[in-house]
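User: Take me through the paired strands here and the loops beside them, please, residue by residue where you can.

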Amino acid sequence: QVRLVESGGGLVQPGESLRLSCAASGTFFSNIAMGWYRQAPGKERELVAAITSGGSTNYGDSVKGRFTISRDNAKNTVYLQMNSLKLEDTAVYFCNARISTNWRRLDGSWGQGTQVTVSA
């Protein structure tokens, strides 16, 4: 059973930065793909960023150039560095672990989510 624990969310002002972390256990971390999704009130869950076991990355159009996903296989942890945050980045951010890299499908295991609020 894969367990994912997110941390690092909070309240920031527009233009500021946050770094989210997701610690994984119960899996061969280096062999799986990891992703960050987000869900705002009244909206569908959407892909923010993803990274394969080989290190290839994929980003949602709205965060390209501002967010960076990375992984530390020695620590079984994936990170999401979020810079130049905007009001519309406000959402609950979920960590995802999976085998498939079809990121359009909401597959795999999920963390409990961490709230990111961007407010002036």
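Analyst: Start with serine 7, whose bridge partner in E3 is serine 21. Pairing takes at least two DSSP bridges between strands, and strands are DSSP runs (E, at least two residues) numbered from the N terminus. Keep in mind that this is a predicted model, with local features needing pLDDT of at least 70, side-chain atom pairs counting only at pLDDT 80 or more, and totals for chains, interfaces and linings using all residues. Numbering runs from 1 along each chain as its sequence is written, and side-chain values use heavy atoms, leaving out hydrogens and water.

E3 also pairs with strand E8 (residues 77-82): the two run antiparallel and are joined by 6 bridges. One example is alanine 23, which has threonine 77 of E8 as its bridge partner.

Asparagine 76 sits in the loop between E7 and E8, and its phi is positive, about 50°, although it is not a glycine. With a relative accessible area of 27%, asparagine 76 is partly exposed (buried is under 20%, exposed over 50%, partly exposed in between, with a 1.4 Å probe and protein chains only). Serine 84, in the loop between E8 and strand E9 (91-98), is another non-glycine with a positive phi of about 50°. Serine 84 counts as partly exposed too, at 40% relative accessibility.

Serine 84 brings us to arginine 66, because the two are in contact (heavy atoms within 4.5 Å): leaving aside neighbours within four places in sequence, arginine 66 touches Gln81, Met82, Asn83, Ser84, Leu85, Lys86 and Asp89. Arginine 66 is in the loop between strand E6 (57-59) and strand E7 (67-72). Is that arginine 66 buried or exposed? Buried, since its relative accessible area is 10%. Its side chain makes a polar contact with the side chain of aspartate 89 at 2.8 Å; that term means N or O atoms within 3.5 Å, one able to donate a hydrogen and the other to accept it within protein, with residues adjacent in sequence counting only if both atoms are side-chain atoms.

Last stop: serine 109 in strand E10 (residues 109-110). Serine 109 and glutamine 1 are 108 residues apart in sequence, yet 8.7 Å apart C-alpha to C-alpha. Beyond its neighbours within four places in sequence, serine 109 is in contact with Val2, Leu4, Cys95, Asn96 and Ala97. Its relative accessible area of 22% makes serine 109 partly exposed.

How values were computed: Helices (H or I, at least four residues) and strands (E, at least two) are DSSP runs, numbered from the N terminus.
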